[in-house]
Amino acid sequence: MTTAVLGGGLSGLSAGYYLLRRFGKPLTIYEAAPRVGGWVRSEFRKDRGFIFESGPRTIRPVGVPGANTLELVEELQLDIKPITRSHVAARNRMLYAKGQLCMLPNSPKGLFGVMPPFTKPLYKALLRDLVTQSTPAKLEDESIYSFAERRFGKEIADYAISPMICGICAGDAREISVRFLMEGLFEKEQKYGGVLKGSLIARFKGKVDEGKEGLFAQGQPKLYSQAVQEKWAMYGLTGGLEILPRTMRKYLGERDVNVQLSNECKNLTFGNSGVRMTVKDADVPVDHIVCSLPAHKLAPLVKVQHPSLSAQLLDIPYVDVVVVNMQFQGQLLKQDGFGLLVPPVEKLPILGVIFDSCCFDMGGNTVLTVMMGGHWFDKWFGDRPSQKQILDLATHHVQEILGIRDDPKFSRVHTLHKCIPQYTVGHKRRVDNIRKYLKTYKLPLSLCGAAYDGVGINDVILSARRQVEALQLA
Ligand SMILES: Cc1cc2nc3c(=O)[nH]c(=O)nc-3n(C[C@H](O)[C@H](O)[C@H](O)COP(=O)(O)OP(=O)(O)OC[C@H]3O[C@@H](n4cnc5c(N)ncnc54)[C@H](O)[C@@H]3O)c2cc1C
């Protein structure tokens with residue numbers, strides 16, 4: 001029985017790891033690029049003591065997905081840099097709104113005062129939820145903006161939910177499904193008629209036992225217990241997050257998993273017994289494929305035989321993001337924290353700024369990452385500005401918002417095309433239909449990765465594990 005994995009990003013490498021653990025060899029991972037990691041890319045300036053991340057930088061050690069990643073990190077013996085809940089980067093998160101930097105409330109006390117940009121104490125939004133009727137007819141899905149506006153009011157939708165969606169997926173909350181982030185709350189509201197009411201009833205009925213899923217036969221991973229005990233809010237990895245895919249590649253290579261770089265799969269042809277992949281103009285027959293490619297990359301590979309599947313895959317939209325990393329000499333931030341988000345109602349070209357040097361030691365430098373574009377990429381960057389123009393735009397806004405006078409000493413501009421899938425209203429149904437199609441036509445193809453089961457690192461690793469565990473290879 002031969003299995004192949006398509007894609008050497010975090011999800012594909014994880015699929016390789018779980019396939020090896022469950023079924024052994026032979027096993028090959030095909031990656032189009034000359035490196036593994038996909039969107040995970042760290043530039044470690046050892047000489048100057050700082051790191052630029054153009055993709056992810058922190059992982060949340062929360063719930064089953066968080067525990068699952070920590071199990072992997074433990075197996076790979078990676079050096080972790082935890083950020084505890086009392087750390088300034090965990091406590092301080094800001095918005096830039098109405099012309100000023102506003103600290104978001106970080107304790108229950110914050111619910112009772114009026115904290116700009118909000119014009120009312122936040123507890124009033126909770127009261128609104130308590131007295132607001134649910135929709136007359138049950139909804140299958142709606143946008144997270146409309147849900148938040150219905151339950152908590154427009155101000156919460158504009159200044160809390162919309163910037164949060166920008167920070168997580170660079171998307172427009174008016175299009176993103178409520179199930180993307182608030183599935184539990186939405187279902188409670190639909191079932192019990194209110195979010196608070198539903199949460200209280202659910203709590204009364206008892207919590208769901210996360211261990212029930214049976215993922216951890218030997219008990220929960222040690223690192224996860226440590227994270228819970230030490231109250232980690234998030235963590236990074238020494239040397240940058242790219243250490244994770246690089247170490248996975250090494251780990252797999254040492255166990256004779258064939259990781260083929262610069263080997264783009266160009267077509268898939270399904271037959272009676274297995275599937276033939278076209279890789280570098282050669283025909284490679286395999287029994288089963290675990291595919292971690294972005295949906296828009298898989299779509300053309302199946303189009304000839306399965307045009308309807310291809311069209312469904314293309315219905316998952318993606319956005320482009322501009323990432324600008326900047327290093328300034330010395331400590332220039334007046335207010336420490338994880339960073340700031342800009343609510344879309346402000347109509348500025350930036351989505352947010354991450355204060356990397358507040359999260360991790362950056363050798364005495366101020367290191368910032370500016371995120372731009374996303375859902376609004378065409379509006380701001382449609383006529384393809386030069387790297388210099390993008391850098392100038394990012395620098396101007398950083399200086400304006402943070403009161404920094406200096407120019408960055410060192411910088412990088414990355415335009416990441418189609419880097420984040422958008423879980424728009426109906427996403428869950430779309431993914432169910434795609435997987436139903438594979439089942440109906442008995443295609444020897446499993447799908448994992450950011451397109452389907454969550455866009456964060458924990459999600460794509462768990463997505464790979466679940467797909468592998470669902471496999472019944474003869
Ligand atoms: C700017 C940014 C910031 C982020 N920040 C965070 C964060 O802080 N925390 C967090 O948890 N998550 C974050 N994420 C999300 C996280 O990076 C992704 O969830 C994750 O990297 C996706 O991994 P993947 O393997 O699913 O996909 P990808 O990384 O897209 O990997 C797919 C791989 O398939 C390869 N490929 C494509 N076509 C072919 C082909 N035809 N044949 C063979 N190979 C092919 C690609 O080259 C790529 O290597 C961020 C993402 C971005 C873009």
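Visitor: Which residue has a backbone N or O atom 3.4 Å from an oxygen atom of the ligand?

Guide: The model is predicted, with local features requiring pLDDT of at least 70 and side-chain atom pairs counting only at pLDDT 80 or more, whereas totals for chains, interfaces and linings use all residues. Residues are numbered from 1 along each chain as its sequence is written, and side-chain values use heavy atoms, with hydrogens and water left out. Here a polar contact is a pair of N or O atoms within 3.5 Å (within protein, one atom must be able to donate a hydrogen and the other to accept it, and residues adjacent in sequence count only if both atoms are side-chain atoms). The residue whose backbone N or O atom lies 3.4 Å from a ligand oxygen is Arg57.

Visitor: Which element supplies the largest share of the shell around the ligand?

Guide: There are 31 residues around the ligand, and those that come nearest are Ser11, Glu31, Thr58, Val455 and Ile457, a residue being near if one of its heavy atoms lies within 4 Å. Helices (H or I, at least four residues) and strands (E, at least two) are DSSP runs numbered from the N terminus; helix 1, strand 18 (410-421) and helix 17 (457-469) each supply at least two residues of this shell. The largest share, three residues, comes from strand 18.

Visitor: How many residues of the shell around the ligand are charged?

Guide: Glu31 is among the residues that come nearest to the ligand, and Asp, Glu, Lys and Arg are the types counted as charged. The shell also holds 17 nonpolar and ten polar residues, and the number of charged ones is four.

Visitor: Which residue of strand 13 is the bridge partner of Thr3?

Guide: An open sheet of five strands has the order 9-2-1-13-19 with parallel pairing, where two strands pair if DSSP finds at least two bridges between them. Its edge strands, strand 9 (258-260) and strand 19 (445-447), each pair on one side only. Strand 1 (residues 3-6) and strand 13 (residues 288-291) run parallel and are joined by four bridges. In strand 13, the partner of Thr3 is His288.

Visitor: Which residue of strand 11 is the bridge partner of Cys265?

Guide: A second open sheet places three strands in the order 10-11-12 with antiparallel pairing. Strand 10 (265-271) and strand 12 (282-286) each have a single partner strand, so one side of each is left without a neighbour in the sheet. Strand 10 and strand 11 (residues 274-279) pair over six antiparallel bridges, and the partner of Cys265 in strand 11 is Val279.

Visitor: What is the omega of the cis peptide bond between Pro116 and Pro117?

Guide: Most peptide bonds are trans. Lys25 and Pro26 are joined by a cis bond with omega of about -5°, and Pro26 sits in the loop between helix 1 and strand 2. Pro117 lies in the loop between strand 7 (100-103) and helix 4 (123-131), and the omega of its cis bond with Pro116 is about 10°.

Visitor: What phi does Lys231 have?

Guide: Lys231 is in the loop between helix 9 (222-229) and strand 8 (232-237). Most residues other than glycine have a negative phi. Although Lys231 is not a glycine, its phi is positive, at about 55°.
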